[in-house]
Structures are given as C-alpha cells and as structure tokens.
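Here's a quick tour in questions and answers for anyone new to this one. Take a look at the picture and then we'll dig in.

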Amino acid sequence: MRQPDYYMTNNKSIKIAIASGKGGTGKTLLSTSLFYTLQQNHKRVTLVDCDAEEPNDSVFIQGKNTSTTDVTQRVPIIDEVKCTFCGKCHEYCSYKAIFIIPPSKIIKVMEDLCHGCGACTEACKFGAITEKDVSLGKVNTYSVSNTSTLIETRMRVGVYSPVSVIKKGINQASQNEIILLDSPPGTSCPFIQTVSRADYVILITEPTPFGLSDLRQSVETLKTMNKPYGVIINRAGLGDSSVQDYLKQNSIPLLMEIPFDKEIAANYSRGEIVAKGKPELQEKLLEIFKDIYEKYGISNN
Amino acid sequence: MELAIISGKGGTGKSSISAAFATLNQNIVLADCDVDAANLYIIFNPTHQDEQVYIAGQTAVIDYSICTNCGICKEYCRFDAIHFVNGQIEISETSCDGCQLCSRVCPHSAITMVNNDKSRMYSGAFRNGKMVYGRLAPGEENSGKLVNMVREKAKTIAKENGLSHIIIDGPPGIGCAVISSITGVDNVLIVTEPTISGLHDLERTLEVVSKFNLKAWVLVNKYDLNPEMTAKIEAKCNSLNIAIAGKLPFCTDVVDAMVSCKSIVEWKPDSALSKEIASIWKKIENNLQ
C-alpha cells in the first residue's frame with residue numbers, strides 16, 4: 001500500500017461491476033468500500049451508482065455536486081386536427097401506448113407505456129405527430145477528491161424503467177481509469193445494461209438458499225455474456241455452506257469472505273463506509289483489485 | 001383480498017415475511033412476483049401443475065443473406081442498439097428494445113422480429129395452499145407484465161378454490177414490476193430496515209405508494225440493529241400518517257429456518273419472533289376484511 005504502483009501509470013483502464021442477483025447482499029457496502037480504498041491509494045477512480053431505482057451511494061460518499069444532467073425520453077403529441085384516425089401509429093406501436101377508437105375519433109397517448117422509439121412518428125403520413133421530452137430521471141456528478149468522482153443515476157419516481165438513466169450515467173464515466181459500477185439487483189434488463197459494460201464482475205452474495213439461488217442465476221447470465229467474474233460471500237458464518245460448495249464444484253473463484261459482524265451492520269446502518277477504520281479490509285480489497293486490474297485491465301497503448 | 005409485500009431496498013426480509021404469513025394460514029394463494037429473483041419456491045417446493053410461456057417482448061434479427069449493409073436501420077434506432085462492427089451492421093441483443101422500427105424501415109425486409117420466449121409462469125400447490133410464481137429469463141424486460149400475469153393467475157386460482165387471501169411477494173425497487181405488484185391491491189406492507197439506505201429507499205417507495213389508493217403499512221425488520229434509525233423511520237411514518245405494522249428484532253433463527261426450507265413460524269412456532277409476526281398478520285388481516 002505504501003509503494004507507488006508502477007504498473008498503474010495510466011496505461012490501463014478497467015470497469016468493474018459489483019453485482020448480485022439478490023438484493024441486500026452488500027453491493028453498496030462493497031462498492032463504497034472499494035471506492036474508498038482506491039481513493040485512499042490515490043487511484044483515479046469513478047464510482048457509478050447504477051441502482052437508479054434506489055440509489056444510495058451518495059448517502060455514504062459526500063462530494064461537491066459538479067453537474068446534473070436531465071435524462072429524457074421522447075413521447076408523441078398527436079394533433080387531433082391533423083389526425084385522420086387511420087390507426088397506423090397504433091399499429092406501429094409495439095408497446096400498446098396509443099389508444100384509438102376511430103369511429104368516435106378518440107386517440108390518446110399513454111405516456112407511461114411509451115418507450116420513445118419514434119415508430120409512431122414514422123408511421124404518421126399526415127404530420128399529426130410531433131414529439132416532446134419527458135423526464136426519466138437525473139445523472140448527478142459529485143467530485144469527491146482530486147482523483148475521485150461519484151456519478152449517481154436517479155430514476156424519477158413513477159417511471160417504469162431505469163435503463164436509459166443507467167446508460168447515461170455509465171456513458172458519462174467512460175473516460176476514467178478505474179470505473180466501478182454499483183449494479184441494480186436482479187438479472188433482468190437493468191442488470192444486463194450495467195454488467196455488459198464491465199470488464200470484470202464481482203458478484204456479492206450471502207450464504208443462504210436464497211443467496212445461492214440468485215447467485216446461480218447471475219452466474220448463468222454472466223456465462224452467456226462471456227464476462228469474467230468472481231464471488232465475494234458477505235455475512236459469512238450465517239446460513240450454511242451451500243454457496244461455498246457450489247463455488248468449489250463449479251471452480252468459480254471465491255475472492256473473499258466478509259464475516260457476519262453486528263459492528264459492520266451497525267456502521268453500515270449509520271451511513272458509514274465500512275472499510276473506513278478497517279485497514280485489514282482495505283488491504284484485502286486492494287489486493288483483489290490489483291489482481292483483477294492486472295488480469296483484466298484494458299491496455300490503452 | 002390482496003396484500004402486497006414490497007421493500008424498495010432489497011434484502012430487508014420481504015420473502016421471509018411473506019413465507020411466514022403464508023404458513024400462518026391454510027387458505028392462501030401465494031404469488032411470488034419478484035419475477036427477477038423468485039425465491040419462495042425454494043422454501044415451499046410447490047407442485048408444477050401448470051406452466052405457461054411468457055413472451056417478454058421481441059428482439060430484431062438481421063438476415064445477412066438479404067442485408068445490403070446500407071445502415072438505414074441504424075439511423076432510425078433510438079436505443080443505440082445498431083452499430084457497424086468491423087464494417088458490418090449488427091444489432092445488439094442486449095440493447096434492442098423490440099420496437100420493430102428497424103424492421104419496418106428496412107428497404108430490403110432483411111430484419112425480422114423474434115419473440116423473447118424464455119420466461120415462464122408456474123403454478124401449483126404447496127403445503128398451505130396454492131402458489132403462483134414467475135421466472136423472468138435473464139436480460140428480459142417488461143417484468144411488470146409478467147407480474148400482471150402472475151397476479152391474474154393467482155386471482156383465478158383463488159376464485160376457483162374459494163381461497164380468501166392472496167399474498168404477493170413483490171420485487172425490490174420502485175420500477176414497473178413494483179408498480180404492477182401494488183396496482184389494485186387492498187393493502188401494501190413495506191418491509192424496511194433501520195439503515196440510512198433503508199430509510200432513503202422507504203421514502204422513495206412511499207412516494208410511489210402514495211400515488212395509489214391503498215392502505216400502506218410499514219414493518220421495521222431487524223429494528224434493534226440501529227434503534228436510533230428505527231425511531232427516525234417511525235417518526236417519518238407518523239408524519240406521513242402511515243401505519244407501523246410492527247417491529248421485528250434481528251434473529252439468526254430466520255436464516256436457520258430458510259436453510260431448513262421452512263418459514264420462521266414453522267421452524268420456531270413458539271418463539272417470540274413468530275408470535276410477533278402472527279400478531280402483525282392479525283392486525284393486517286383485520287384490515288383486509
């Protein structure tokens with residue numbers, strides 16, 4: 001930790017996603033701790049909070065808000081004077097977002113269902129459709145130190161899908177040397193959008209049947225995506241050994257175990273970065289990071 | 001009557017509470033609507049009486065024997081899903097939203113749409129009633145629609161079998177799957193934990209819930225891990241006129257029960273925790289009538 005890392009002289013970059021199938025296994029705990037550790041070691045690091053539905057990293061990491069970008073989507077506006085109620089926009093819409101009763105001359109856009117694909121605009125031959133922007137959420141950037149940045153994706157409450165906001169947040173981070181992606185839970189679209197951008201995925205799980213079931217699903221998904229990954233078991237000591245057994249049987253690397261500890265839980269509950277004041281945890285995280293960086297970092301030369 | 005159990009933040013104990021409620025009763029339909037990470041089947045090992053395919057939208061596929069690489073589709077795609085890769089046009093399966101516009105504008109009709117048909121809905125019986133659960137295939141969207149399908153099935157089963165209560169184990173977050181899980185239910189129970197993240201997520205969840213006309217309850221799980229934060233959560237709920245259903249202490253019995261594929265009320269029926277859960281259920285059930 002004391003010596004400069006000669007191999008990290010800006011010639012490599014890496015994106016690491018911190019993910020889990022199951023919620024509440026410690027993604028945010030790990031992301032903020034890893035970010036803190038790298039920051040303490042003067043690395044150029046950006047953490048992107050990709051859990052746009054429930055972003056929490058900014059609770060743990062304070063910084064100066066340097067920019068806020070609105071993320072918008074296009075939705076159609078139908079001019080009922082120009083509209084001939086031909087129904088072609090309705091036919092083109094794959095999301096059932098246009099409701100039409102031609103005989104009664106009723107046409108309505110269900111903005112909640114609209115994905116902003118523009119098919120209706122293309123369909124309309126009478127110039128009756130224009131588009132407007134609606135807000136999906138925000139991307140907030142915080143400067144944490146000279147070398148570290150937090151980017152928070154925050155979906156607007158009531159919006160159906162966080163995917164556009166997540167994409168925007170990750171795109172804003174694309175120039176940094178080390179990028180950590182605190183992923184949304186699950187293995188559906190938001191998760192895929194996040195991990196598909198990563199060079200390496202750390203899966204964090206807990207040693208319970210639920211944890212194992214969701215871990216399996218995450219592993220299967222990452223295999224089909226050809227992503228390298230390793231596993232961290234959080235709250236080790238609770239539950240049973242089925243996760244360890246599964247990892248052994250499938251030769252999946254176990255990166256570390258974080259023991260169950262009420263002190264960790266209490267610190268986390270107060271919004272403290274768990275690695276703060278835990279030099280042994282920082283050392284271990286740095287070691288894991290260095291291994292990943294060496295093996296999976298992308299050479300910029 | 002339908003009760004949805006949601007949480008905002010993941011891992012607060014939704015499924016453990018749902019399992020406990022389900023095993024306090026004999027006349028239950030349990031609907032696992034956390035279709036992205038369905039877990040209750042692990043505890044209940046339900047029979048598979050019925051399996052249905054769920055079509056989670058479509059994906060565009062290029063027929064390269066027809067494609068002239070003109071790139072018109074790329075111009076129209078608003079999901080950044082179409083790119084030239086090494087000089088050849090390609091559609092990214094993960095970014096494609098299934099809107100079909102590329103297929104419609106292709107001058108050579110080289111693009112067709114294929115159904116995303118890997119997701120499933122299962123239903124059957126478990127030891128305390130009937131159960132329905134959905135499993136969304138990895139990477140697929142529209143989980144809200146699968147949630148609707150699970151809930152419709154649960155309602156049909158309840159009607160056919162004269163079962164009075166439907167318990168919905170909902171997904172985390174505040175997106176479409178959550179909205180689908182609570183639309184039209186009578187009661188929603190939000191399980192939270194006394195952490196600053198838990199409180200933050202609860203606030204966003206309450207904001208979503210406030211858009212619906214339903215009775216909302218909050219349950220503070222593992223309340224003793226941070227009594228101060230628990231007090232903050234209670235104060236927040238009081239200020240918003242949200243009922244506190246109860247508080248449960250942190251207890252490793254819950255994990256042991258799960259490891260043994262039992263709910264906590266099956267595992268330690270006489271424990272203080274199980275009794276507290278039973279009294280919380282009674283409180284909510286009285287309101288369900």
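Q: Which residue stands opposite A:D182 of β8(A)?
A: Keep in mind that this is a predicted model. Strand β1 (residues 12-19) of chain A runs parallel to β8(A), and five bridges join the two. Across from A:D182 in β8(A) you'll find A:I18.

Q: And which residue stands opposite A:I179 in β8(A)?
A: Here strand β2 (residues 45-49) of chain A comes in, pairing with β8(A) in the parallel sense over five bridges. The residue facing A:I179 is A:T46.

Q: Why is strand β8 of chain A largely enclosed by the rest of the structure?
A: Look at which way its residues point: A:I178, A:L180 and A:D182 go one way from β8(A), while A:I179 and A:L181 go the other way, and all are buried. So the strand, residues 178-182, is largely enclosed because the buried count is five of the five.

Q: Is α7(A) roughly parallel or roughly antiparallel to α8(A)?
A: Helix α7 (residues 209-225) and helix α8 (residues 242-249) of chain A pack with their axes 9 Å apart, at an angle of about 30 degrees. Angles under 35 degrees count as roughly parallel. So α7(A) and α8(A) are roughly parallel.

Q: How many nonpolar residues does the contact of α7(A) with α8(A) have?
A: On the α7(A) side, the contact is made by A:P209, A:G211, A:L212 and A:L215, and α8(A) brings A:S242, A:V243 and A:Y246. Sorted by class, there are no charged residues and two polar ones, and the nonpolar count is five.

Q: How far does α7(A) reach from its first C-alpha to its last?
A: This helix has 17 residues, and at 1.5 Å a residue the expected reach is 24 Å. Its buried residues include A:F210, A:D214 and A:L222, and just after the helix A:N226 takes a positive phi of about 60 degrees.

Q: Which strands stand at the edges of the nine-strand sheet in chain B?
A: The sheet is open with mixed pairing, in the order β3-β8-β9-β2-β10-β1-β11-β12-β13. Each edge strand has a single partner, so one side of each is left without a neighbour in the sheet; those strands are β3 (50-54) and β13 (243-247) of chain B.

Q: What share of the residues in chain B is buried?
A: The secondary structure of this chain comes to eleven helices and 13 strands, and its C-alpha trace spans about 70 × 45 × 35 Å along its principal axes. Chain B has 289 residues, and the buried ones make up 54%.

Q: Which helix gives the most to the side of chain B that touches chain A?
A: The contact takes 48 residues from chain A and 50 residues from chain B. Helices of chain B that each supply at least two residues of this side include α4 (101-105), α5 (143-161) and α7 (196-209). The one giving the most, with seven residues, is α7(B).

Technical notes: Residues are numbered from 1 along each chain as its sequence is written. Chains are lettered from A and ligands numbered from 1 in the order in which they are written. This is a predicted model: local features need pLDDT of at least 70, side-chain atom pairs count only at pLDDT 80 or more; totals for chains, interfaces and linings use all residues. Two residues are in contact if their C-beta atoms, placed from the backbone, lie within 7 Å. Helices (H or I, at least four residues) and strands (E, at least two) are DSSP runs, numbered from the N terminus. A residue is buried if 20 or more other C-beta atoms lie within 10 Å of its own, exposed if 12 or fewer, and partly exposed in between; C-beta atoms are placed from the backbone. Two strands pair if DSSP finds at least two bridges between them. Axes are lines fitted to C-alpha atoms, for helices over the stretch in contact, and angles run from 0 to 180 degrees between N-to-C directions. Angles under 35 degrees count as roughly parallel, over 145 as roughly antiparallel, 65 to 115 as roughly perpendicular and the rest as oblique. Ala, Val, Leu, Ile, Met, Phe, Trp, Tyr, Cys and Pro count as nonpolar, Asp, Glu, Lys and Arg as charged, and the others, Gly among them, as polar. The expected span of a helix is 1.5 Å times one less than its number of residues.
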